[in-house]
Amino acid sequence: MPEIPDLQHYLGDLESKDKASRIRTLSLLKDKLTLAPGSSDVGDHSMNYNLIDALANRLVNDPAERCRELSLTIIAECLRDMDPAKIVRSARCIVPAAAERFGSQPFREPVEELRLKLIETCTKILHQAASELSYERSHPITDILAFSLVSALTDRFPEGKRAAATAISNLCRIAPWSINLHFVALMIELSTNLSHQHAKTRLLTLDAIVDVTCVSTICNALPHVFRQIVLPKLGRICMDRSKKVRVCFARSLGVWLVRGLDCITVAEEAIGKSPGALHEFASDLLAFLFMLLSDESREVAARAVSELNAVGIHWQLATSKSISKWCVAELPLPCVPSVLPRDFACNAAYLVSSAATTLVTLHFQPILNIQLAWLSCWMPPMRAHNLHALASLIITSGAAVTSSVLFYDSRHQNKL
């Protein structure tokens, strides 16, 4: 950090009742930090935490938008090259101050762009301090941030809503222990955002839901929340108008299925180990995957086949011997030809691997019951799409179909 002569004088001027004086002082500080020679060395031992504290106070209490904006800009510049330990020290005043502006309803920060910038600043702090935070199982910084993001998800400003979802995903990777205390509230708001009008928001929300569920497998509320809150929202994602969202959904189903189908050996069962927390939802998730496997888009159908085959390999390995935890990224995505036929979406079921076929066959009856229930959906496109999914299920699980399956839709006069 460059030497700032008379810093105490500047700090005194920040408390001035005159808005113009505060703006002038903040502008001078900004220029000295961003333009002075050696300004990139903001993380050295001479860093004055009094400045950070004063700027955080401006974020919370200054009535002038320009002052709050300048304070946030200076804070970002001060933190840019700090080492993780000093970041954590500074974050103890910055994160609570920022969270106070976007973490409650109604928002104390009325300016949408500033709320967005506050969340982005907290996310950057989280990344810079990751190596320090990873040593602790609980930290006030991450706990405060997780709580404040529940309210941030309700922001009507789409970019702010997306920034909150991204911040939650980052929290899951850097400080997963901070999620469990706010698991239910986060899942309620995230699930609500799955119906947002912007595809990018729905995509980031779906990623965040996957991240939250994957780090909350020991949370007692997970099965109930997943059944009552998440699953009812997922049906419409199968019919999402955005192809990118449907591809993301196929990938999400693959992650959930791998988590849920973490099988246990006899020896592990003897010591009290239990299957994955999502184990009971395997049939529901496979039913959704068959909806995507019969998608009209070849890209979506190809991704669904790939995920189903990868899950089949994981399940086969997990049941054949005791293995360490696999992740989807470590598994191959096989059986998708380099040149896809024009009617690939209709015939994708023929590309399901033998391992995946065995898995589906074991779940055939529950999947069939779920799909038959979906055929009573009030939306005609959903019913038509599900007929294709039902055909794909029967093609894949031919050995499990011991008698002909007949379904008659009296409204549309369709027979399968």
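I began with Arg162, whose side chain makes a polar contact of 3.0 Å with that of Thr201 (a polar contact being a pair of N or O atoms within 3.5 Å; within protein, one must be able to donate a hydrogen and the other to accept it, and residues adjacent in sequence count only if both atoms are side-chain atoms). The model is predicted: local features need pLDDT of at least 70, side-chain atom pairs count only at pLDDT 80 or more, and totals for chains, interfaces and linings use all residues. Residues are numbered from 1 along each chain as its sequence is written, and side-chain values use heavy atoms, with hydrogens and water left out.

A salt bridge here is a side-chain nitrogen of Lys or Arg within 4 Å of a carboxyl oxygen of Asp or Glu.

I next turned to the salt bridges, of which the structure holds 16. Arg58 and Asp62 form one at 2.8 Å, N to O; Arg58 is buried at 8% relative accessible area, and Asp62 is buried at 2%.

I also examined Arg246, which meets Asp295 in a salt bridge of 2.8 Å, N to O. Arg246 lies in helix α13 (residues 243-260) and Asp295 in the loop between α15 (282-293) and α16 (298-320), so the pair ties together parts that are 49 residues apart in sequence (helices being DSSP runs of H or I, at least four residues, numbered from the N terminus).

Key. Buried < 20%, exposed > 50% of the residue type's maximum accessible area, 1.4 Å probe, protein only. Helix = DSSP H or I, 4+ residues; strand = E, 2+ residues; numbered from the N terminus.
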